[in-house]
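Visitor: Hello! Could you walk me through this structure, one step at a time?

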Amino acid sequence: MELRQLRYFIAVAEEMHFNRAAERLHIAQPALSQQIQRLERNLKTQLFVRTTRSVEITDTGRVLLEAARRVVSEADRAQSQVELATQGSTGLLRVGFVSSAALFMLPVMVNRMHEQLPQVRFQLQENTTERQVQELLEGQLDVGIVREIEPIYGITAIALRRESLIVAVPESHPLAGRSNAPLAELAGEEFVVFPRQQVSRLYDLISALCIQAGFHMRIVQEAIQFPTILGLVAARTGIAIVPESLRALQIPGVAYLDLSDENAYSQVSLICAEGRRDSELVKRFLENGDF
């Protein structure tokens with residue numbers, strides 16, 4: 001039983017006339033009759049009672065008609081879904097992201113995709129840059145939003161945004177009333193930082209910037225999550241250098257000020273496995289990374 005034969009059968013059943021069904025299908029009437037006869041032979045049953053003046057569907061034909069309509073409808077839907085997926089208009093996109101990206105970049109990009117392609121579904125997973133790279137190479141992710149990525153074999157990286165680094169200080173701190181400060185002015189301060197073994201890229205960047213400014217960070221506390229770091233700042237444990245996105249977190253007792261150093265920024269990038277670069281869905285997501 002072929003899908004084409006089911007389409008022919010439905011047309012005859014709905015028109016109850018071979019000539020009209022043939023015109024509807026844009027085929028010759030003899031060819032249509034042959035296909036219906038072949039279908040009847042394959043099913044070993046009569047689907048239509050034909051006379052010189054009329055065509056009537058049999059009881060068996062009515063049973064097949066109901067099933068045939070479901071099959072053809074599902075086939076058409078499947079074809080439509082495949083076409084949309086080929087165009088990057090539907091499907092599942094697995095996106096990894098560093099935690100700070102959830103405050104600005106990730107929502108913007110996902111919302112843009114929702115507006116353009118409402119049928120696309122997302123599987124969002126927060127993780128470090130290192131872990132995202134591994135999952136991309138293992139085929140567990142389609143695309144990632146990362147920080148301070150270096151060239152890696154098998155990974156394509158596209159610069160997304162150069163994000164400024166800022167300083168979070170307790171509201172009682174002498175710098176709290178300032179709008180900006182140079183890194184060198186933070187020498188001698190006590191710092192709350194990310195554990196290097198878990199957030200090595202951002203930790204190394206901030207540490208290198210401080211060294212360039214003439215001092216080493218005096219670390220008094222480590223924390224994994226940004227809200228925890230800011231909470232510790234509010235508790236006057238120390239100060240923290242964080243991405244500008246964190247201004248969105250209005251923690252009572254915390255004040256933010258800009259760093260006036262030109263090189264005080266973190267590079268945020270989109271990454272994907274080289275083999276996924278040509279995926280239409282990945283292309284669409286990368287196109288929405290314009291900030």
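**Cysteines, a strand and a loop**

Guide: Happy to, and please keep in mind that this model is predicted. Let us begin with Cys272, which has a relative accessible area of 1% and is therefore buried.

Visitor: Is Cys210 buried or exposed?

Guide: A residue counts as buried when its relative accessible area is under 20%. Cys210 has a relative accessibility of 0%, so Cys210 is buried.

Visitor: How many disulfides does a search of the whole structure find?

Guide: A disulfide is a covalent bond between the sulfur atoms of two cysteines. To count here, the two sulfur atoms must lie within 2.5 Å. Searching the whole structure gives a total of 0.

Visitor: Which residue in strand 12 does Val146 stand opposite?

Guide: Strand 5 and strand 12 (residues 265–273) run antiparallel, joined by 4 bridges. Strand 5 also pairs with strand 3 (residues 91–97), in the parallel sense over 3 bridges. In strand 12, the residue opposite Val146 is Ser269.

Visitor: Where is Arg178, and is it buried or partly exposed?

Guide: Arg178 sits in the loop between strand 6 (155–170) and strand 7 (180–181). Its contacts include Glu185, Tyr256 and Leu257. With a relative accessibility of 34%, Arg178 counts as partly exposed.

Conventions:
Residues numbered from 1 in each chain as written. Predicted model: local features only at pLDDT ≥ 70, side-chain atom pairs only at ≥ 80, totals over all residues. Heavy atoms only, no water. Helix = DSSP H or I, 4+ residues; strand = E, 2+ residues; numbered from the N terminus. Buried < 20%, exposed > 50% of the residue type's maximum accessible area, 1.4 Å probe, protein only. Contact = heavy atoms within 4.5 Å. Pairing = 2+ DSSP bridges. Lists of a residue's contacts leave out its neighbours within four places in sequence.
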